[in-house]
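Biologist: Could you walk me through how to read this model? I'd like the general idea each time, then the case at hand.

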Number of protein chains: 2
Amino acid sequence: MGRYGVPMQTSSTRDRIVVAASRLLQRQGYVGTGIKQIAQESQATLGSIYHFFPGGKEAVAVAAIEHGAEEFAALLRTALEGHDDPAEAVAACSRRLAEELGASGWTDGCPVTAAALETLGTDSQIQRACAAALRGWEELVADKLLRGGLSARDAREVAVTVMAALEGAEVTAQVSRSAEPLHATGRQLARLVRSYGIPPRG
Amino acid sequence: MGRYGVPMQTSSTRDRIVVAASRLLQRQGYVGTGIKQIAQESQATLGSIYHFFPGGKEAVAVAAIEHGAEEFAALLRTALEGHDDPAEAVAACSRRLAEELGASGWTDGCPVTAAALETLGTDSQIQRACAAALRGWEELVADKLLRGGLSARDAREVAVTVMAALEGAEVTAQVSRSAEPLHATGRQLARLVRSYGIPPRG
DNA sequence: TCCTCGCTAAAACGATCGCTCTATCCAGTG
DNA sequence: CACTGGATAGAGCGATCGTTTTAGCGAGGA
């Protein structure tokens, strides 16, 4: 809450730090992003960052990853809710991802993959935050498939596959600077979902 | 060639550098891996590294990524060749990946993903090496699908999906420290391939 | 024997890393 | 008004980064 008791239009310093760190992390990874760069990009100073995040760089990264994970989940939710047919819903996810990725110039992909891969050996909080994000996304897809008529067992296994394929397709799209991998994967995932049969909607 | 004119059992210095760099890159990414760490791990010195790779860290990384990409391609090739049915062949790939990943303690995943994500914004040679690796792997899968009876168009699109899903599933498996994402994805990819119908084998 | 040259060895450079520290600012309270 | 405490500002710490530089090693040719 900002001054005058109303929500501030320009975010609070803490929010600016989290948002800037989130964007930088998904573009350059954890080790590739410096605290001073976060300070510069968020119009904050080192003092402010260490004031709000006494845990240092890792604490900033955890908050940033949680923020990015929620943004990504919101994108998935709206794409999934736009269609009753789960197969079309899954395809819509890949289309939305392709739009966002292309609009960012192929730089802003999955907000956790890069950070997750860099901190694999460690037992850092970053690891846990990334794992939690993945589980949450899978659950969103699994719920949609469940409501679409798949069994609990099938829904979970297909959801794991869908999220894995979307992540991989996004990386492929970034590397090849083309939306085609995401579109192709979306079509094939829709076909996979359809292969489980869609009960007629009452 | 080593001394006595016979191939050396312990590789040449240059090979040791490439192999060590490849393993470090896939575990810690590009920025997370230091030249001095590569020197220590490969039992070489800075002088040797800069002698064989005047291009510095980036040149070492390119050679290391090409090495890792070929290793990965070899794994895919043997897994694909083990089965006539392309659906079973794809499932075999995910099983082999799960074996290797588990044996490494969930640390040695795809040898290019981490490095690729870190160098996205740049126009470095690393980018190009990663893109080439992905294309090569896709081609291996596409060839198998073609020989399995899929049309050229279907084979390419399914191959893109298979490689994306395998990469994503490997990341998921690493983060969750479990082989299950790879196994589930393998089963679903086999189902997807089977949905294109298998012509009876003569 | 001497010289060459591919290769190894390590000291040292400037830059940047994450982080600590002290100083200052400013709205709220008595 | 003085005082307090959250928030900001930035200089500076030791460490490490990628790289350069210079010196030394040892096998092969003249």
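Modeller: Let's start with contacts, meaning heavy atoms within 4.5 Å. Ignoring neighbours within four places in sequence, Trp137(B) is in contact with Ala69(B), Phe72(B), Ala73(B), Leu76(B), Cys110(B), Pro111(B), Val112(B) and Met163(B). Before we go on: this is a predicted model, where local features need pLDDT of at least 70, side-chain atom pairs need 80 or more, and totals for chains, interfaces and linings use all residues. Residues count from 1 along each chain as written, chains are lettered from A and ligands numbered from 1 in written order, and side-chain values use heavy atoms, without hydrogens and water.

Biologist: How is chain B related to chain A?

Modeller: Copies are superposed by least squares on C-alpha atoms of residues with pLDDT of at least 70 in both. Here a rotation of 180° with 0.0 Å of shift along the axis puts chain B on chain A, RMSD 0.0 Å. The two copies are therefore related as by a two-fold rotation axis. In chain B, Ala165(B) has the C-alpha closest to that axis, at 1.8 Å.

Biologist: And which residues come nearest to DNA strand C?

Modeller: "Near" means a heavy atom within 4 Å. Of the 14 residues around DNA strand C, the nearest are Ile35(A), Leu46(A), Tyr50(A), Lys57(A) and Thr13(B).
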